[in-house]
Amino acid sequence: FKYYLNTETFTDSAAFFLVFSPEKDALAERMATLRGNHKAECAAALAAYDARLASSPAIRIPGQAAVQSCLRNLPAVVDSLEAKDVPGGFRAAAHGYWVWLDLFFNATAFTWADDADSLRDMLRLFRSVADPELGMPKLLTTTLKPLLGAEWVEQCLYIPALYHYTCQTGDRETLAELYPFVTWLMDKCLENESGDSGLIEGIGMPDFPMDMDGHDLCSSGNSIAYQALKCLEALAREMEDADTAERYAAKAEALCKSFLDHFYDSEKGYFVDSVSSRDFTRRPHYPVFAILWVSHFAADLLGEHAAEIAAFQTANFTRAHGIGGMIPNWDAAYPADGNQLIAYYPSWSEGFYRNTMRLAGHADGLEKWFDDVAWFWNQHTLPEGFTYDAENEGLTPDNPGSKQAFGGQAWYAAFFSAILGLAVDTQGLIISPTPLRRKITVRNLRVRGCRLDVTLGGQQNNGGMLFNGHPLTGPVARIPFADLEPKNTIQIH
């Protein structure tokens, strides 16, 4: 079908509105309003955009105009994907499908962007649609009906999201409201524990798991479960629920030990995708998403192997644009599905790859982040995925011009955690070393209602750190919430 747009003669500008209405009379009324007031509505939209830029962190990166533009615009792009009459209901992308659980993956992208309220609304929305037997759905349709089930370990993404919200805001009322739900969610997940190993049985997180037979322990899912346990331990202590905190702490300790014992392949210097829950036999596949980095607790799962893991990632997942594919091209499963397994998905790979590079002291792996982000944003694209080994590699991204909140938030979260080395826990701000030698300033960060202005000075951290002019000690510095003033400065030299 062809549809032709007709308009009155205009001189210097024209406005296009896409209008929906369930009733013909309401549609006619809305169209009449727009004909007489469209300039004011356009002006209001621009004013709202300017206000969002002013409320979000002001990021300056000399010599990186595209990356700076991307980071400055990401909060507004994500805002545009929220259904205005469904608080917390975010479409996954500007071009397509409806509300996904997946935006919990990079929950700190909400809190660092001074939009914790949207994360709170999203937490409440998904709790409201949880089934007493199946838990939360992976997807809500345009009529807000649940569609597609989610593994219990995937549902546990909800717990780090509540943790990040609580740490950043100090909102004890919302924590108390949602605490019974997250303990129920964690306990449902623990029903699938494999013996006394601490590991959770279930299929892996990607759409095309390799060599799984229904008796599976997966690295990616268990990485989520571990972080959920650690987050919930901390939240339980905030709720003064000591017995629950100790129970989850013991579960987390067992899971972390088993994770390293069973998933880490010392010969490869990396993690396998899965092992058998019957006898812990390893399946020899090595995914880019072995650890889904959804909190600072993910670093525990590296053990003492950060250098070896970073070397494996550099050798096997470095591509011209992004990180990938999902498995090395020498892996027996490559390219089993001809799609995701040969693609770069920021949400699956950015946090793990970039933070491992930071912990291993690999500045090159962090520097490449700037090139990757710039290549896509120069084409006005926030990718969901980018399929390697396709004919257009090096020319254009898949779906050029699309805006995928899921992918863009992965970049935003990685900027703060891996590039700047920042995290927030229940006690205060954490600043970790970074090998990156680049000058970056971030102004108007908000933590517990206080403003932070952060400067990365372009030297390695051995040059020292200052908080409000006073030296910070240790390679990893902590700033308690009680020490924050209404306006604060942090200098990382």
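At what angle do helix H4 and helix H6 pack, and how far apart are their axes? Let's start there. This is a predicted model, so keep that in mind throughout.

H4 covers residues 116-128, and H6 covers residues 158-169. They pack at an angle of about 145°, with axes 10 Å apart. The crossing of H4 past H6 is left-handed. On the H4 side, the residues that meet H6 are Ala116, Leu119, Arg120, Leu123, Arg124, Phe126 and Arg127. On the H6 side, look for Tyr158, Ala161, Leu162, Tyr165 and Thr169. There is a general point behind such lists. An α-helix has 3.6 residues a turn, so residues three or four places apart point the same way.

Next pair: H7 and H8. H7 is residues 172-190, and H8 is residues 219-238. Their axes come within 10 Å and cross at roughly 140°. That makes H7 oblique to H8. H7 also passes H8 in a left-handed crossing. From H7, the residues involved are Arg172, Leu175, Tyr179, Val182, Thr183, Met186 and Leu190. They meet Ala225, Ala228, Leu229, Leu232, Leu235, Ala236 and Glu238 of H8.

The crossing of H11 past H13 is right-handed. H11 brings Pro346, Ser347, Glu350, Arg354, Asn355 and Arg358 to the contact. H13 brings Phe406, Gly407, Ala410, Trp411, Ala414, Ser417 and Ala418.

Now single helices. Take H1, residues 24-55. With 32 residues, a straight helix would reach 46 Å at 1.5 Å a residue. In H1 the end C-alpha atoms are only 38 Å apart. Where is the kink in H1 centred? On asparagine 37, and the kink is about 80°. The buried residues of H1 are Leu34, Arg52 and Leu53. These buried residues pack against helix H2, residues 65-80.

H12 runs over residues 363-377. It has 15 residues and reaches 22 Å from its first C-alpha to its last. The expected span is 21 Å, so the two values are close. Is H12 largely enclosed or open? Eleven of its 15 residues are buried, so H12 is largely enclosed by the rest of the structure. Among the buried residues are Trp369, Phe370, Trp375, Phe376 and Trp377. Lys368 and Asp372 are on the buried list too. The cover over these residues includes H2, E10, H11, E11, H13 and strand E14, residues 439-447.

At 68% relative accessibility, aspartate 364 counts as exposed. Aspartate 364 and threonine 314 are 50 residues apart in sequence, yet 9.5 Å apart in space, C-alpha to C-alpha.

Now compare a lysine. Lysine 403 is in the loop between strand E11, residues 386-387, and H13. Is lysine 403 buried or exposed? At 11% relative accessibility, lysine 403 counts as buried; the cut-off is under 20%. What does lysine 403 touch, leaving aside neighbours within four places in sequence? Its contacts are Val77, Leu81, Ala92, Ala93, Ala94, His95, Trp377, His380 and Leu382. Take alanine 92: 311 residues away along the chain, with 8.8 Å between the C-alpha atoms. Trp377, another of those contacts, is one of the buried residues of H12.

Most residues other than glycine have a negative phi, and most peptide bonds are trans.

First, glutamate 240. Its phi is near 55°, a positive value in a residue other than glycine. Glutamate 240 is in the loop between H8 and helix H9, residues 242-263. At 74% relative accessibility, glutamate 240 counts as exposed.

Second, phenylalanine 280. Its phi is also positive, near 65°. Phenylalanine 280 lies in the loop between strand E8, residues 274-276, and strand E9, residues 282-283. At 27% relative accessibility, phenylalanine 280 counts as partly exposed.

Third, a peptide bond. The bond from glycine 324 to glycine 325 is cis, with omega near -5°. Glycine 325 lies in the loop between helix H10, residues 306-317, and strand E10, residues 343-344.

Definitions and conventions
Residues numbered from 1 in each chain as written. Predicted model: local features only at pLDDT ≥ 70, side-chain atom pairs only at ≥ 80, totals over all residues. Heavy atoms only, no water. Helix = DSSP H or I, 4+ residues; strand = E, 2+ residues; numbered from the N terminus. Bend = angle between axes of the 7 residues up to and from the residue. Buried < 20%, exposed > 50% of the residue type's maximum accessible area, 1.4 Å probe, protein only. Contact = heavy atoms within 4.5 Å. Left-handed = near helix turned anticlockwise from the far one by under 90°. Axes fitted to C-alpha atoms, helices over the stretch in contact; angles between N-to-C directions. Parallel < 35°, antiparallel > 145°, perpendicular 65-115°, else oblique.
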